[in-house]
Amino acid sequence: MEASSDKTATTTAGPDDPELSWTALLEAYGVGPKEKWSGLLIERLGPWLASARQRLFAVPPYLDDEDIAQQLVFVVLRVASRWQPRCEDRWVPRKLVEAAEGRVRAWLCRERSAQADELEEELQAPERAEPELVLDTPIGKASVEDLRLIYRVRVLGEPVAVLAQRAGITPRQMRHRVKEARERARAAVDEGERA
């Protein structure tokens, strides 16, 4: 019976009451008009909010220090509206601001990862999307295209007729391409053996 009268006393206390405990302030904020209690809550949380703000870093060019400070206040008020203290009264501000700081930190991480890099207005493109590479390896002087063609025919076993159809040439022309690619792949090996 006494607890209910105590509850009424805490919610009827005014915002200017210096004896108002953290638990009572949060209860009043949760029950009463938010506009009446939010200013006092933010004012009393000032030192903890300032400390948390120093540990949070801006995400330029989209979010600056002012945005982070506003987001921290917004989140702390949202957390406070549903807060159920499970600690001593003196630990309430620290726990409340730590919870809000963690949520703002997660929000900043999402913002950093979602940022897109801006491209320069004039981006130089290579003349070809894929330059013609000639490999000087023990398999000869074959180009990358030669090696791909040999690999597809000899390793993957793709039919020459299918490759010819995809390339828009006859099977005979495709066999000729495969033969030339194999000759280029063997060219340097044969020269090295002769020397």
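Which residues does L45 touch, not counting residues up to four places away in sequence? L45 touches W22, V76, P93, L96 and V97; contact means heavy atoms within 4.5 Å. The legends below start with the whole chain and then move to close-up views.

The model is predicted, so local features need pLDDT of at least 70 and side-chain atom pairs count only at pLDDT 80 or more, while totals for chains, interfaces and linings use all residues. Residues are numbered from 1 along each chain as its sequence is written, and side-chain values use heavy atoms, with hydrogens and water left out.

**View 1. The protein chain has 9 helices and 0 strands.** Along the sequence the pattern reads α-α-α-α-α-α-α-α-α. Helices (H or I, at least four residues) and strands (E, at least two) are DSSP runs, numbered from the N terminus. Of the 195 residues in the protein chain, 27% are buried. Buried means under 20% relative accessible area, exposed over 50%, and partly exposed in between, with a 1.4 Å probe and protein chains only. Among contacts between residues at least 6 apart in sequence, 55% join residues at least 24 apart.

**View 2. The largest nonpolar core holds 30 residues.** A nonpolar core is a set of buried Ala, Val, Leu, Ile, Met, Phe, Trp, Tyr and Cys residues joined through side-chain atoms within 4.5 Å. The members that touch the most other members are L41, L45, V76, V104 and L108. At least two residues of this core come from each of α2 (22–31), α3 (34–44), α4 (46–54), α5 (65–81) and α6 (92–114). Another core, of 8 residues, lies apart from it and includes L149, V153, V160 and L163.

**View 3. R53 is in helix α4.** With a relative accessible area of 17%, R53 is buried. A polar atom of the R53 side chain lies 2.5 Å from the backbone oxygen of L56. Not counting residues up to four places away in sequence, R53 touches D65, I68, A69 and L72.

**View 4. E101 belongs to helix α6.** Its relative accessibility is 6%, and E101 therefore counts as buried. Residues up to four places away in sequence aside, E101 touches A52, R55, L56 and L72.

**View 5. L63 sits in the loop between α4 and α5.** L63 counts as buried because its relative accessibility is 12%. Leaving aside neighbours within four places in sequence, L63 is in contact with A58, W107, L108 and E111. L63 and R112 are 49 residues apart along the chain, and their C-alpha atoms are separated by 9.7 Å.

**View 6. The largest pocket contains about 260 Å³ of space.** On a 1 Å grid over the protein atoms alone, a pocket is an open set of points where a 1.4 Å probe fits, with protein on both sides within 12 Å along at least five of seven lines; lining residues have an atom within 4 Å of a point. Grid points are joined across faces, edges and corners, and the volume is the space filled by probe spheres set on the points. The lining consists of E145, D146, R148, L149, R152, L163, R166, A167, M174, R177 and R184. Two or more lining residues come from each of α7 (144–155), α8 (160–167) and α9 (171–194). α7 gives the most, with 5 residues. By class, the lining has 4 nonpolar, no polar and 7 charged residues. Here Ala, Val, Leu, Ile, Met, Phe, Trp, Tyr, Cys and Pro count as nonpolar, Asp, Glu, Lys and Arg as charged, and the others, Gly among them, as polar.

**View 7. E158 lies in the loop between α7 and α8.** The side chains of E158 and R166 are joined by a polar contact of 3.3 Å. A polar contact is a pair of N or O atoms within 3.5 Å; within protein, one must be able to donate a hydrogen and the other to accept it, and residues adjacent in sequence count only if both atoms are side-chain atoms. Not counting residues up to four places away in sequence, E158 touches R152, V153, L163 and R166.

**View 8. V160 and V162 are both placed in helix α8.** Residues up to four places away in sequence aside, V160 touches V153, P171, M174 and R175. The C-alpha atoms of V160 and T170, 10 residues apart along the chain, are separated by 9.3 Å. V162 counts as partly exposed, at 32% relative accessibility.
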